[in-house]
Amino acid sequence: MKIFSAPLLLSLLTGSSVDGTGTNPDNAVGALISMSNGYLTPDEFNPNELVPLFLEDYRPNDLVMYHRFEDGTYSIQGKFPTGGDGFGPAVVTNSIISVGSNVFVCNMLSNTVTMFEINRFGAVRLDTVESGGSTPSSLAYHNGILYVFNAAYDVPSNAVFAEGTPSITAFEVRDGSMTPIPRFTRTLTDWTDEGGAEIEITPDGRFLLAGIAGIADENFETFNSALLVYRLNNAGRPSKEPVEVLQEGLDWFSAAVIDEYEGKTFLYAANLIGGTVSSYRLRNRGQIVPITPPVQGPSSGSDAGVCWVERYGNYLYTSNFSDNTITSFLIDRSTGSVTLLEEIAFDVSTVSGAFGALDILIVDNYLYYVDGQATALIGFEIGDDGSLTVLADAKGAPLVEIGATTGLAYVEF
């Protein structure tokens, strides 16, 4: 099913903004994009829980857009309905991605994916399609094909424990529409009830990586995390079975980042349990070789709730949901080794008073953070030594009046 929409020109949201070069759209160099459905109000949020578990009070999803200016600062532009509902799993990566001027978003409770065209005046909804599976939660794109990871979670009743079989589906993207490619679908029957987390395509387009969260029981004691490697043929179709299954060093896998350096491909994986980061090398035939065993980030370990990892130069950064902090690591890009740089590179609560460091995005030499309660988008300048400095006068701009948020993407004008 496809749903088309006329251009949406909504009024600007009221509230605070971060003072930049100016709020005139003509001065903007790009747009920061997130998504919210406002299913939790601040007085309903329980900071003693790792994640909000029950999502019965979800509301329709909105794409939330900020203008970004040359000095890294930003101001809120508006919000735009996606035509779908709800968030899903506790740990998801790449639920929003950008490709050129297009943005793709997962509507996890509706089991749909929406495509937008972004310009400096707002967002135009182009197409919405059924994802072909349960709880679409992560997206990847290569050479005209959008890949969707249907993570298979028990939502809306519960966002932590998986229920069902994850699957990978694919869509041809052309002329503002998405068309299913049935023969590209891969059903991960060996990982039923384990929960999907993330998919990525290697920069050379040769491999698709699928991360399995591996949530096995309600006591948070047993995990069966994995990173699956599928070979892609010249048409972008995944191999029928993974050419590699990695489980070493993974403990409730949450996210990974790929780095290609001097002809080598390295993977840096973050683990929710233990609050660790480990590194690997992906070889030419898809084999994964461990390099650095899990490196402890936050000292609170499992209680930190590491949700996201991003790279800037020789530095890695993780967002720690329960700690509401950002941790930094130093990497050797020639070998893939990882060491801890700063356990608390920044305590976000000192700026925003918010709770739930969830998603981070790096654009140029700036890091942007959004918290899981949708109370703040914070910008930082990254120093040559990897340190983080809050952008001048940053106080946090509200994404929406109430609610939770997920994902960050960037579109350059």
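**Aromatic pairs**

I counted four aromatic pairs in this predicted model. My rule was that rings of Phe, Tyr and Trp (its six-membered ring) pair if their centres lie within 6.5 Å; planes under 30 degrees apart are stacked, over 60 edge-to-face, and the rest tilted.

I looked up Y66 and Y74 next. Their rings are edge-to-face, at 5.8 Å centre to centre and 90 degrees between the planes. I found Y66 buried at 1% relative accessible area. Y74 is buried too, at 0%. (Buried is under 20% relative accessible area, exposed over 50%, partly exposed in between, with a 1.4 Å probe and protein chains only.) I also noted that Y66, Y74 and Y368 form one aromatic cluster.

Then I turned to F104 and Y141. Their ring centres are 6.4 Å apart and their planes are at 20 degrees, so I logged the pair as stacked. F104 lies in strand β5 (residues 102–107) and Y141 in strand β8 (residues 136–142), so the pair ties together parts 37 residues apart in sequence. Strands are DSSP runs (E, at least two residues), numbered from the N terminus. F104 is buried at 0%, whereas Y141 is partly exposed at 29%.

**T128**

Where does T128 sit? I found T128 in strand β7 (residues 122–130). T128 is buried, at 2% relative accessibility. Its side chain makes a polar contact of 3.1 Å with the side chain of T114. (A polar contact is a pair of N or O atoms within 3.5 Å; within protein, one must be able to donate a hydrogen and the other to accept it, and residues adjacent in sequence count only if both atoms are side-chain atoms.)

**Ground rules**

I number residues from 1 along each chain as its sequence is written, and side-chain values use heavy atoms, without hydrogens and water. The model is predicted, so local features need pLDDT of at least 70 and side-chain atom pairs 80 or more, while totals for chains, interfaces and linings use all residues.

Technical notes:
Helices (H or I, at least four residues) and strands (E, at least two) are DSSP runs, numbered from the N terminus.
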